[in-house]
Amino acid sequence: MQSNNKKCLTVFVVLDDNTQYRLKKFKQIISDNNIVGNMITDIPFHISLGSYPLDMKEELINKIKSITSVENSFEINLQKIQHFDNKVLFVKPRKNDNLIELQKNFNNNFADGYNFYPHVTLFCGDKKQVKIVKRLIKNVFESFTGYITSLYIGEFYPTQIIYHEELQSNQQNILQ
């Protein structure tokens with residue numbers, strides 16, 4: 001999505017506060033090594049579910065309200081560090097039924113033309129930068145469990161949060 005700079009709305013799920021904190025530690029490692037990429041940094045770590053034209057905002061808000069009124073937050077295992085062509089470094093989650101079913105509600109073409117491939121982006125840059133960052137992060141990364149807690153709509157280019165709603169609390173699983 002970052003490569004085309006065309007205005008669009010993107011629906012994404014956001015991870016819980018503890019997971020945000022853990023992922024920010026990786027961003028700090030990158031910063032401590034004076035590596036600056038070209039990633040959007042003013043939105044929380046997330047998994048994108050689908051992209052839409054701007055005129056679908058009200059329809060998407062209504063869909064999110066409907067979903068969040070009945071769907072619970074859920075666990076997601078963040079498995080390993082991977083990359084897209086050494087240009088985007090990300091954490092790959094283990095697909096689970098909850099994520100797949102939630103994404104089906106937003107199964108639309110993505111702004112960049114790719115199919116749904118769940119990932120949490122950590123860094124975007126040139127190939128040399130991504131290779132360096134990959135080595136730094138792989139040295140400290142261990143698989144862990146996070147939680148999907150909310151649905152967001154963001155407008156991209158310029159980036160802004162349009163709407164968000166919390167999923168129903170699943171108190172037995174979430175420790176925030």
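This report describes the cores, strands and helices of one predicted model. Residues are numbered from 1 along each chain as its sequence is written, and side-chain values use heavy atoms, with hydrogens and water left out. Local features need pLDDT of at least 70 and side-chain atom pairs count only at pLDDT 80 or more, while totals for chains, interfaces and linings use all residues.

**Cores**

The largest nonpolar core holds 40 residues. A nonpolar core is a set of buried Ala, Val, Leu, Ile, Met, Phe, Trp, Tyr and Cys residues joined through side-chain atoms within 4.5 Å. Buried means under 20% relative accessible area, exposed over 50%, and partly exposed in between, with a 1.4 Å probe and protein chains only. V11, L23, L49, F106, I137 and L151 have the most contacts inside this core. Another core lies apart from it and has eight residues, among them I40, I43, F156 and Y157.

**Strands**

Helices (H or I, at least four residues) and strands (E, at least two) are DSSP runs, numbered from the N terminus. Strand β1 covers residues 8-15, and eight of its eight residues are buried. On one side these are C8, T10, F12 and V14, and on the other L9, V11, V13 and L15, so both faces of β1 are covered.

Two strands pair if DSSP finds at least two bridges between them. β1 is joined to β6 (residues 144-156) by eight bridges, in the antiparallel sense. β1 also pairs with β2 (residues 46-52), antiparallel, over six bridges. L9 stands opposite E155 in β6 and opposite Y52 in β2.

β6 and β7 form a hairpin with three residues between them, and Y157 in the turn has a positive phi of about 75°.

**Helix α4**

Helix α4 (residues 127-138) has 12 residues. From its first C-alpha to its last it reaches 16 Å, close to the 16 Å expected at 1.5 Å a residue; the expected span is 1.5 Å times one less than the number of residues. V130, V133, K134 and I137 are buried in α4. They lie on the same side of α4 because they cover an arc of only 110° around the axis, the arc being that of the directions from the helix axis to the C-beta atoms. An α-helix has 3.6 residues a turn, so residues three or four places apart point the same way. K128 and R135, on the other side of α4, are exposed.

The buried residues of α4 pack against α1 (17-32), β3 (74-84), β4 (88-93) and β5 (120-124). Contact means heavy atoms within 4.5 Å. Not counting residues up to four places away in sequence, I137 touches F26, I29, I30, I81, L89 and L122. The C-alpha atoms of V133 and N38 are separated by 13 Å, and the two residues are 95 residues apart along the chain.

V140 is found in the loop between α4 and β6. Leaving aside neighbours within four places in sequence, V140 is in contact with F26 and I29. V140 and M56 are 84 residues apart in sequence and 41 Å apart in space, C-alpha to C-alpha.

| Residue | Relative accessibility | Class |
|---|---|---|
| V133 | 0% | buried |
| Q20 | 8% | buried |
| V140 | 45% | partly exposed |

Q20 is found in helix α1. Its contacts, not counting residues up to four places away in sequence, are V14, L15, P44 and F45. The side chain of Q20 reaches the backbone oxygen of F45 at 2.9 Å. A polar contact is a pair of N or O atoms within 3.5 Å; within protein, one must be able to donate a hydrogen and the other to accept it, and residues adjacent in sequence count only if both atoms are side-chain atoms.

In helix α3 (residues 97-104), L99, L102 and Q103 are buried. These buried residues line one face of α3, because seen down the axis they fall within an arc of 100°. D97 and K104, on the other side of α3, are exposed. What covers the buried residues of α3 includes β1, β2, α2 (57-68), β3 and β6.

N96 caps the N-terminal end of α3, with a side-chain oxygen 3.1 Å from the backbone nitrogen of N98. At the start of α4, a side-chain oxygen of D126 reaches to within 3.1 Å of the backbone nitrogen of K128.
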